[in-house]
Amino acid sequence: MKRRDFITTTAIGASSLALLGCRRAEENKSVAINRGKKVKLKLATSWPAHFPIMGTGVDTFANRCKQLSGGSLEIQVYPKNILVPALQVFDTTSAAQIDAFHSGVYYWKGKNSAFSIFGGMPLGLTSEEMITWLKFGGGYDLWRELYGKFNLYPIIGGTTGPQMGGWFKKEIQTLADLKGLKMRIPGLGGEVMQRLGVNPVLLPAGEIYTSLERGTIDATEWVGPYLDKMMGFDKAASYYYTGWHEPGSILEITLNKTRWEKLSTEHQAIITTASEEMTGNMLQEFRYKNAQALQELPKSVQIKSFSKEIIRAAKVALDEVLYDESQKNDDFKRVLQSYQTFTQLNKAWDDISTKNFLEIRS
Ligand code: CA
């Protein structure tokens with residue numbers, strides 16, 4: 001097309017499209033306002049850059065927010081210790097020094113012991129059940145009320161699925177074998193183990209392998225076959241126990257509440273949608289990669305389950321921990337009541353649906 005023809009055609013086209021254009025502009029006004037205003041959020045994580053599944057999950061989350069918003073919502077992800085130390089993301093977001101963080105809820109029990117329930121409970125709900133309690137059983141309302149006191153707004157930001165019970169240098173057959181054992185195990189699981197005579201140790205991720213290999217600790221838990229194998233634990237211990245203490249740990253995308261409330265409803269919906277997508281993807285990725293990694297563990301590794309005696313004692317110790325904490329903290333008591341109400345409701349149905357089916361299928 002010659003330049004002159006192009007100008008003529010464009011001029012006619014422009015005049016005939018003018019009215020239609022006006023109407024479309026009106027219809028798209030709300031979208032145009034949101035899309036026109038570019039929003040940038042700073043999000044810090046508790047993981048190293050591109051850390052498998054958790055780190056790559058939040059990278060994808062940020063990309064999806066950008067994509068779904070047509071580029072108007074940009075989330076800049078800062079891996080641990082780049083902008084904020086790994087375990088200070090809660091405080092810095094609360095103080096509005098950054099806008100958001102991606103981390104594990106179990107880290108914040110020092111702020112309020114009730115938070116440990118939102119992170120997942122030993123011998124408690126699985127990932128799918130936790131998500132159901134949070135979304136439909138009143139969990140989210142309580143979580144948001146309690147985080148609101150820190151000017152924070154939490155959203156589920158992934159889940160690990162069932163975690164393994166950990167790596168032990170010696171076989172554990174009786175309760176007596178646990179006495180005096182040094183084990184890296186955080187959270188409520190650590191408190192239960194302590195009541196069974198274990199000495200729980202807190203160690204930065206980077207020091208766990210060396211401590212286990214040198215015998216400074218006797219045991220450690222981490223996540224599951226995929227991430228545990230990457231840590232090299234299969235080279236430092238031979239007994240790998242099935243899980244009991246983290247059946248469905250929950251991760252979080254948490255925003256500064258004032259910042260969240262200032263976002264457009266469109267951007268809020270995009271963040272919520274991208275978080276839900278990340279949660280589903282993470283659960284599926286953990287399932288697939290753990291299944292693969294299990295096949296690849298060396299023959300020297302023996303998979304074991306804790307004895308009935310140990311699990312029975314763990315249940316008693318857990319009840320004691322929950323009772324003691326409920327006496328000390330009314331928030332803990334309220335959250336636990338909601339959690340247990342859902343657990344009861346869910347159990348009757350789960351027994352005749354999922355549990356029954358898995359039994360007959362196997
Ligand atoms: Ca763990």
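Student: How many bridges join S9 to S11?
Tutor: This is a predicted model, in which local features need pLDDT of at least 70 and side-chain atom pairs pLDDT 80 or more, while totals for chains, interfaces and linings use all residues. Residues are numbered from 1 along each chain as its sequence is written, and side-chain values use heavy atoms, without hydrogens or water. S9 and S11 run parallel, and the number of bridges joining them is three.

Student: Which residue in S11 is the bridge partner of Tyr241?
Tutor: Strands here are DSSP runs of E with at least two residues, and helices are runs of H or I with at least four, both numbered from the N terminus. S9 covers 239-241. The bridge partner of Tyr241 in S11 is Lys304.

Student: Which are the edge strands of the open sheet of six strands?
Tutor: The order is S7-S6-S8-S5-S9-S11, with mixed pairing. Two strands pair if DSSP finds at least two bridges between them. The strands that pair on one side only are S7 (199-201) and S11 (302-304).

Student: How many residues apart are Gln163 and Glu246?
Tutor: Gln163 is in the loop between S4 (152-159) and S5 (166-168), and Glu246 is in the loop between S9 and S10 (250-256). The pair thus links distant parts of the chain, with a separation of 83 residues.

Student: Are Gln163 and Glu246 buried or exposed?
Tutor: Buried means under 20% relative accessible area, exposed over 50%, and partly exposed in between (1.4 Å probe, protein chains only). Both Gln163 and Glu246 are buried.

Student: Which helix gives the most to the lining of the largest pocket?
Tutor: A pocket is an open set of points on a 1 Å grid over the protein atoms alone, where a 1.4 Å probe fits and protein lies on both sides within 12 Å along at least five of seven lines; lining residues have an atom within 4 Å of a point. H6 (127-136), H12 (265-296), H13 (308-328) and H14 (330-361) each supply at least two lining residues. The top contributor, with 16 residues, is H14.

Student: Which helix gives the most to the lining of the second largest pocket?
Tutor: This pocket is lined by 41 residues. H5 (115-119), H8 (187-195) and S7 each give two or more of them. The top contributor, with six residues, is H8.
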